[in-house]
Structures are given as structure tokens and as C-alpha cells.
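Trainee: Please take a close look at a single part of this model. Then connect that part to the rest of the chain.

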Amino acid sequence: MLAGLAEIADTGRDSRRGGYSRHLWQGADLELRTWFALRAERLGLNVETDRNGNLWAWWGEPGPDAVVTGSHLDSVPGGGAYDGPLGVVSALEAVARLRASGFTPSRPCAVLVCAEEEGSRFGIACLGSRLLTGGIDADRARALIDADGITLAQAARRAGLDPAHLGADRDALARIGLFIELHVEQGRGLVDLGRPVAVASSILAHGRWRLTVTGQGNHAGATPMEDRRDPLVAAARAIVAVQDAAENHPGARATVGRLEVVPGGTNVIASSVHAWLDARAPTDAETRDLVAAIEAAVGEAALVNGCSVAVTEESWTGTVTFDPELVGRFRSVLGGDALVPALPTGAGHDAGVLAASVPSAMLFVRNPTGVSHSPEEFAEVGDCVAGIDALETLLRSVL
Ligand SMILES: [Zn+2]
């Protein structure tokens with residue numbers, strides 16, 4: 001494993017799920033933030049936390065027109081070691097190499113760690129970059145609650161931030177002239193092409209919806225089968241309907257990976273079930289079509305059990321097409337199109353959110369299995385080093 005990743009290999013291990021659970025401003029995430037600050041300060045960078053909890057480590061005076069590179073340190077529940085941290089470690093390493101070589105940048109440079117990229121604590125992916133860019137309303141964000149009923153406002157206060165200052169940060173954003181995020185590939189594009197590094201071309205439209213299935217809570221022993229309105233059975237039908245709908249939409253992906261059964265007792269017929277839908281498709285229109293089809297299908301599926309379904313959109317990100325001129329330029333700086341493919345991805349990223357406001361690009365590092373958001377996620381050391389080489393080359397070309 002890459003040295004920087006090895007330093008944090010014991011932080012946030014999840015003994016129950018396997019892999020890592022590193023959630024915003026909780027134990028492991030706080031430890032990683034401290035680790036990052038120390039690591040960056042040792043490099044001679046000046047570390048600051050912006051008003052949305054994103055960490056910036058500056059080489060030289062902060063902005064304007066800075067080249068910013070980084071990723072995130074939080075994880076999904078039971079996630080892998082590479083999604084996020086590889087980009088942060090690579091950014092620190094690339095900057096360290098530039099400094100050690102005596103390189104003098106002609107514009108400011110920073111390493112950025114975005115907060116709550118996975119949305120594992122407050123449910124909104126890329127929350128730190130959405131807040132920074134004004135991509136989410138600050139009042140709505142402040143009211144988000146975690147699994148323990150703690151609001152983002154309360155959690156921010158505990159983390160030492162003023163919740164009144166959460167939200168669009170024009171000054172911080174204006175400092176970014178270019179953002180580059182290196183990330184482990186979440187797919188097998190590079191494996192199929194036999195290359196270690198790619199430049200990202202686009203990100204599928206994607207979003208999250210909450211399906212609330214409502215039935216009738218009752219006694220598991222005293223309620224005859226024909227008298228039941230069981231929302232968990234309805235949810236099971238609804239989940240199959242989600243899969244069928246996605247299979248009927250070419251290129252679409254739809255997943256229910258999280259359920260909350262209320263009240264959740266072995267001898268209790270549930271009264272309601274919350275199911276979270278993650279849906280993605282190549283274009284905004286196709287994604288909207290998919291979700292409309294899912295909405296109709298889950299409603300019908302639930303009716304079979306006398307239940308109803310309410311669908312609430314929790315987040316939405318349209319298709320991101322990275323600036324073709326920038327993609328082309330970076331591919332040529334890295335050795336040309338034959339060596340460095342341009343690949344689309346189905347995974348969302350802070351670079352995708354930032355791309356709406358500032359020029360942004362991504363590098364992908366080969367993932368031999370394509371598996372991600374799982375303890376199985378992996379990248380060979382040699383490929384990680386190739387990623388750092390590529391990032392260093394790009395930084396030299398733009399700084
Ligand atoms: Zn990630």
C-alpha cells in the first residue's frame with residue numbers, strides 16, 4: 001500500500017461491516033483531519049478550515065486563480081481504503097515532490113479536503129462542495145439530521161464552526177482557478193484498456209430519493225395474513241420494481257441499498273419503511289424518465305399490499321461533462337490519447353459539483369476489480385505511483 005495510505009490504514013476500521021466507516025466530524029473523520037493538518041504543515045503548507053468544514057492546505061498565499069487539488073477523507077459505511085484518501089494522499093505527495101525539487105509555482109496552489117463527500121452522515125453527497133458553491137440552500141443544510149437526530153447545525157457547532165456561516169462561500173470559491181481531483185476508478189474502464197491512468201470525460205446524472213412506504217403497524221401473531229397492510233412486504237415489491245425499471249432504461253442504474261423499518265421489531269408488522277433510492281443515467285432527461293417510471297412502478301407495487309408510497313427527492317446532480325478542451329490538453333500533457341484514455345464514470349465527485357463553478361478535471365487510477373464502496377476496493381502501488389506521477393506532471397504544467 002502507498003505510504004500515505006498506510007499511515008491512516010488503522011483509522012476508522014469498521015469491525016462489523018469490514019473496511020472503513022469514516023463519517024463527518026465523528027471519531028475517525030476528526031482523526032483524519034488532524035492527520036491531514038499535521039501532514040500538510042510538515043510540508044510547509046498553511047492549513048485552514050473554511051466555514052463549511054472543508055480543509056485547505058495552502059502553498060503560498062491563498063488565491064486568486066489557485067490550482068487546487070484534492071479529494072475527500074470520509075467514507076461510505078464499510079467503504080474501501082482508496083475512495084477519497086488516494087486523491088488526498090496523492091495531492092500531498094505531488095506537492096511534496098514539487099517542493100523538494102525546488103519548483104517555484106507561478107500561481108497559488110492548495111490541497112483541498114472536501115467534507116461529507118459520501119453523504120454518509122447527513123444523506124447529501126458532496127455536501128462540503130455543494131455548500132461551498134451554493135449548490136444546496138444553507139437553511140436546508142442546517143436542518144439535515146443524522147441517524148442520532150443531530151442536525152448539521154449542531155454537528156457543525158460541535159466541530160467548532162459557526163452554523164450561521166454555513167453556505168455559499170464566494171470568497172473561498174473565487175480563489176480556485178482550476179480544480180483537479182485524482183480518484184481510484186470506480187469501474188473497469190482502465191482494466192479493459194490496460195492503462196494505469198485516465199482523465200475523466202463525464203459523470204452520469206444522479207440523485208437520491210427517499211421512498212416512504214406506509215402501511216399498518218400491528219401484532220405479528222394476532223393479525224391474520226389477509227388483514228395485513230405490511231409496508232416491508234410492499235417495500236420488497238417496490239425494490240424489485242426499481243430493478244425492473246432500471247433494466248428497461250438502457251445505461252441506467254438504480255439501487256436501493258438502505259432501508260429503515262419502523263418500528264423494527266421481530267414480532268411487529270412494520271408501520272412504515274423508508275427506502276433510499278440511488279438512480280443514475282447518462283443524461284438528465286433519461287434520469288428524470290427513469291425516476292418517473294420508478295415512482296409509478298413502486299406506487300403500483302405497494303398497492304398490492306394495501307400500502308402507499310411517497311417519493312421525496314433528497315439530492316440531484318445533472319450530467320457533468322468535463323471541459324473537452326481541458327480534457328484534451330491534459331491527455332496530451334500526459335503523453336497523448338493513446339496512453340491516457342478519457343473515461344466517463346457513474347460515480348459522483350466533488351470535482352463534478354465544482355465543475356459547475358470553476359474549471360475542473362479528474363484523474364482516475366486503475367482499480368483491478370472495478371469494485372468500490374466496498375472493503376474489496378483496491379489499487380496496485382505501481383498504479384497509485386503512476387497516478388501521483390500524472391498529477392505531478394499536470395501540476396507542473398499549470399502552476
Ligand atoms: Zn470518492
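Mentor: The side chain of Ser360 reaches the backbone oxygen of Val358 at 3.0 Å. A polar atom of that side chain also lies 3.4 Å from the backbone nitrogen of Ala355. A polar contact here is a pair of N or O atoms within 3.5 Å; within protein, one must be able to donate a hydrogen and the other to accept it, and residues adjacent in sequence count only if both atoms are side-chain atoms.

This is a predicted model: local features need pLDDT of at least 70, side-chain atom pairs count only at pLDDT 80 or more, and totals for chains, interfaces and linings use all residues. Residues are numbered from 1 along each chain as its sequence is written, and side-chain values use heavy atoms, with hydrogens and water left out.

Ser360 sits in strand E15. Helices (H or I, at least four residues) and strands (E, at least two) are DSSP runs, numbered from the N terminus. Ser360 counts as buried because its relative accessibility is 4%. Buried means under 20% relative accessible area, exposed over 50%, partly exposed in between (1.4 Å probe, protein chains only). Leaving out residues up to four places away in sequence, Ser360 touches Phe179, Phe322, Leu326, Ala351, Leu354 and Ala355. Contact means heavy atoms within 4.5 Å.

At the N-terminal end, Asp323 caps H11: a side-chain oxygen lies 3.1 Å from the backbone nitrogen of Glu325. After H11 comes Gly335, with a positive phi near 125°.

His183 is in strand E5, and His72 is in strand E3 (residues 66-72), 111 residues away. The zinc ion has His72 (NE2), Asp83 (OD) and His183 (NE2) as protein donors, at 1.9 to 2.2 Å. Donors are N, O and S atoms within 2.8 Å of the metal (3.2 Å for Na, K and Ca); water is not among the atoms, so sites may look incomplete. The donor spacing in sequence is H-x10-D-x99-H. Both His72 and His183 are buried.

Now the whole chain. It has 13 helices and 15 strands. The chain is as compact as a globular protein of its length, because its radius of gyration is 22 Å, close to the 21 Å that the globule rule gives for 399 residues. That radius is taken over C-alpha atoms; the globule rule is 2.2 Å times the number of residues to the power 0.38. The C-alpha trace spans about 80 × 45 × 35 Å along its principal axes. Buried residues make up 56% of the 399. Among contacts between residues at least 6 apart in sequence, 77% join residues at least 24 apart.
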